[in-house]
Amino acid sequence: MTVLDARAPSGPIDARWDRRRFEMKLVNPANRRKFSIIVVGSGLAGGAAAATLGELGYDVRCFCYQDSPRRAHSIAAQGGINAAKNYQNDGDSVYRLFHDTVKGGDFRARESNVYRLAQLSVNIIDQCVAQGVPFAREYGGLLANRSFGGAQVSRTFYARGQTGQQLLLGAYQALERQVAAGTVKMYPRHEMMDVVVVGGRARGIVTRDLVTGAIEAHVADVVVLATGGYGNVFFLSTNAKGCNTTAIWRAHRRGALFANPCFTQIHPTCIPVAGDYQSKLTLMSESLRNDGRVWVPRGAEDCGADPAKIPEDRRDYYLERIYPSFGNLVPRDIASRRAKEMCDQGRGVGPEVAGVRRGVYLDFRDAIQRLGRQTVAERYGNLFEMYERITGEDPFDVPMRIYPATHYTMGGLWVNYDLESTIPGLFVGGEANFSDHGANRLGASALMQGLADGYFVLPATLGHYLGATKLEKLTAEHAEVRGAVEEVRARVDKLLSIGGKRSPDSFHRELGALIWDNCGMSRNAANLERALRRIPELRAEFWENLAVVGSGSELNQVLEKASRVADFMELGELMCRDALSRDESCGCHYREEHVTPEGEAKRDDAGFQHVAAWEWRGPDAEPVRHQEALEFELVKPVQRSYV
Amino acid sequence: MSDKLNLVLNVWRQKGPKDAGRFVRYEVKDISTHMSFLEMLDVLNERLLAQGEEPIAFDHDCREGICGACGVVIDGSPHGPSKRTTTCQLHMRSFRSGQELTVEPWRAAAFPVLRDLVVDRSALDRIIQAGGYVGVRSGSPRDANSIPVRKEDADLAMDAAACIGCGACVAACPNASASLFTAAKISHLALLPQGQPERRERAIAMVARMDGEGFGHCTNHGECESSCPKGISVDNIARMNREFLAAAAASRRPLGAEAKDDDGGA
Amino acid sequence: MAQPTGFLSTTVGQKALMALSGLALVGFVIAHMLGNLQVFLGPEALNAYARSLRAVPALLWAARAVLLLSVVAHVSTAIRLVQRAAAARPQGYRQAHHAATTYAARTMKISGPLLALFIAYHLAHLTFPGVAMGGYIHSPTDVYANVVAGFSIPWVAGIYVVAQVLLALHLYHGIWSMLQSLGASHPRIVQPRRALAQGLALLVLAGNLSIPIGVQLGVVR
């Protein structure tokens, strides 16, 4: 085990990013077009980085698996984006946003990075408004804000319920502008299959053209991965169906350390699973908990009954009961865990899936009585419509049913302060890196981080890398490059030739259920050990009994899935291993062995105030756990309490 | 009412862009009414795979109605019979047991079929490339609140910006016109102060690109608005026309010499 | 497809041309109807009106030139656009479904050519002597007599009735579409826009139909 150095600058925290930027080497504008950059992913981080690097004059190629960069899953973020603008004059500041984020991450994030994020949040809003992002406004024409996710200040900027979409379209439009200008070449419907490492540096990628099946190498001077999170390891998540871990997992196998893989965030207000055919889960804005009351029947005998006929004294408003001061507004992880607990006790509601009712009521009856139907419709009308479209039930008549679902992964490739992974020349941005959120991400912070990385951090740090590094000329004919291409070809051929009976989806569903049950909202050593025994068996079966039809030289969606599931199989195991070795509770990582008397996550700062970063040692070898110690100079670690 | 249904699907199957396509009949049984249309296709595809047949290819991603990836034409209606709904959010309770459905890809010369129900919509990206942006460099903007925007304009701009680029408007239009898509972006930016400096060039360049991609013209049927999952109004098309006509009238250069002297900031 | 290089090679430019030429034709249709309605004031009034139209030949030919140009622009642009639409969707849907469009809108490309045929017939019938169909004796000076004689024949009156229905449909979608093509979509006129198109179409229908029907019913003789 080595101790990792984040290479964050020292000195006063508010001057660190300035200092780092001043120390950086610059690239002469006339020389920039001689440097080639590959950006994988076109969401907020990737799209913004590709556009900005193109503007700067670099020769950029951007890859995405979607048919257009505009479809990256950043588009689905509903709530908003935080920025320490203090436009509401309610006491917000860069320092407060920094403080809230470190605390919200349960003291498992790097202070220097979080401070930079809070500083850049201000520039992000300026940038997005200048691009024409139609943020909500007040009648005076200035930007509107709201309080989000329990924050005590109103620092969240939003564009109806489509903030992610509008921010992404801003980045997408900037990107398309560069495509038109010829500085960025876009490769849609391309899946990254591997990283090319030559002489210890990332020098390109291998892709599969999802239309023609062509497997090709693309060489460059530096590679950026902004390929999102790995929440789809659970099969059911709020991620898009195509979201996958392949890019970061392949980089991991090539030497990039994978940090905190067990930090996965569960969102409490999703529409429950309706049947075993379910393909994904839909998140509904957390704001619903502002006026909705969460309850389950007191006794299991009422669980199948019409909720309107269950009298008040037979309902258990459990969040209000356990957390009298916060009630229904407790943080995401607590609300999620308690819902699971109720369902585990057999008091869940809704249809039985695999013998258990997995759902709790989110009831607006009292809000409708108190505020009137019209006010409720104004506040939540679009969410009610969405709910009704999916479930066929009108929340005005029947209480909503909700259940937690995975929707964000704080873990990811380990990066230093410059967002460079442990493979020199391989930079990682957005959700794909282990990010600035520690063990738990606050609402409206994901968009902020993606754009900070893309518009501001990566363009600066990549310039430094290119300016400071002597790189040899490289062509696709280089032996290492051809070797990487051959490995990808062999892997694709292998997937096509197994000739088994089970579909990629059936393996994926089984893997997902296994991880959800053992490494989901609540974890313990026995379960994690069981999962660690079962996953290798499942993976072995995958490689013996996988069914893929069609060929590799055409659009083949089964093959795409199979390739992604193969990597999830390996990642899932690492998640369980990480969860088992982190013998404490923190943020989203809830180990049943480490609980305060009130039932909250109990950290072990002496033992685990560090980032765990895993090194790949081969498919059947145990990975090595490295550590980056975390220091809290400014925000002193305290125990969270909401009772 | 039973929550299971049986359906007959006539699905367009086409191996590749250059191959001839045909309809293939599939019977699907015991479909839960709570499934989405795409989940119904998933179930069918799992069965096909188990039988060693090639599953039906269709584009999809977020499955929550925002990414714009999905979209098939069901009995002549893009995204199916429900209003303001993408195919991924269309649920099987919208159908009756025993129904026979025709499932086709978006059909337009500008959207070549890649396989089965998957089409190439990159023409829409190229329309945006022509001018669907504000030419602002990362890092150079002024404070966000130094650009006040009338709330009404901001709301109208947001209405237009809600477009998800799915292409249903093209699929629905009797002329396979991309006017609603193009108009939505021209409107979004024309309504905001940030969009003003490039307003004229944008309208002319985007219309020219739209035409250059081989889309048809607008004959004001309103089918686009009706099938748009985000309910984008055809008023935006009138605004695009107005923007274009005003820009063409005011332009100092002949149309076509309107090439943008955009160095992309390089 | 090549990127357009001039105003009139863009679809929006072509639609503006359709709208403007259509506007000229709508103006003519209304003026023509108002003039012809003088048939109900008796032979003297109508014939005097007809003479006044020819009083200044230069004006007459100028008006005819504008009309002719409008027709040529309207028809030739329509042909270009219809060809374009056909090329834009080479393969149609197996099952067509309409959710919003109107019958009038869908039949524009049928009502248009039929109206062109009707105009040719109408000119031959009442304007240019010698080719009159329907076997009446054309008088170069007594327009009233021509109208009465021409419309007395039931099948001729029938052609006119059918043509006016087509014209009304074409006007209904055309007027609404014209405003849209020229960008007239202010919220205050969005509602009146439909009403205007409907009202004008119905007015022209009623006015123009009243003449052949009036003759057939013996009101005009």
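1. Two residues count as in contact when their C-beta atoms, placed from the backbone, lie within 7 Å. In chain A, 73% of the contacts between residues at least 6 apart in sequence join residues at least 24 apart.

2. The model is predicted: local features need pLDDT of at least 70 and side-chain atom pairs count only at pLDDT 80 or more, while totals for chains, interfaces and linings use all residues. Residues are numbered from 1 along each chain as its sequence is written, and chains are lettered from A and ligands numbered from 1 in the order in which they are written.

3. Chain A has 17 helices and 21 strands (DSSP runs numbered from the N terminus: H or I of at least four residues for helices, E of at least two for strands). Along the principal axes, its C-alpha atoms fill a box of roughly 75 × 60 × 50 Å.

4. Of the 643 residues in chain A, 60% are buried (20 or more other C-beta atoms within 10 Å of the residue's own, all placed from the backbone).

5. Leaving aside residues up to four places away in sequence, A:Ile37 touches A:Leu53, A:Tyr58, A:Asp59, A:Val60, A:Ala220, A:Asp221, A:Val222, A:Val224 and A:Leu462.

6. The contact between the chains takes 69 residues from chain A and 72 from chain B. On the chain B side, α1(B) supplies the largest share, six residues.

How values were computed:
A residue is buried if 20 or more other C-beta atoms lie within 10 Å of its own, exposed if 12 or fewer, and partly exposed in between; C-beta atoms are placed from the backbone.
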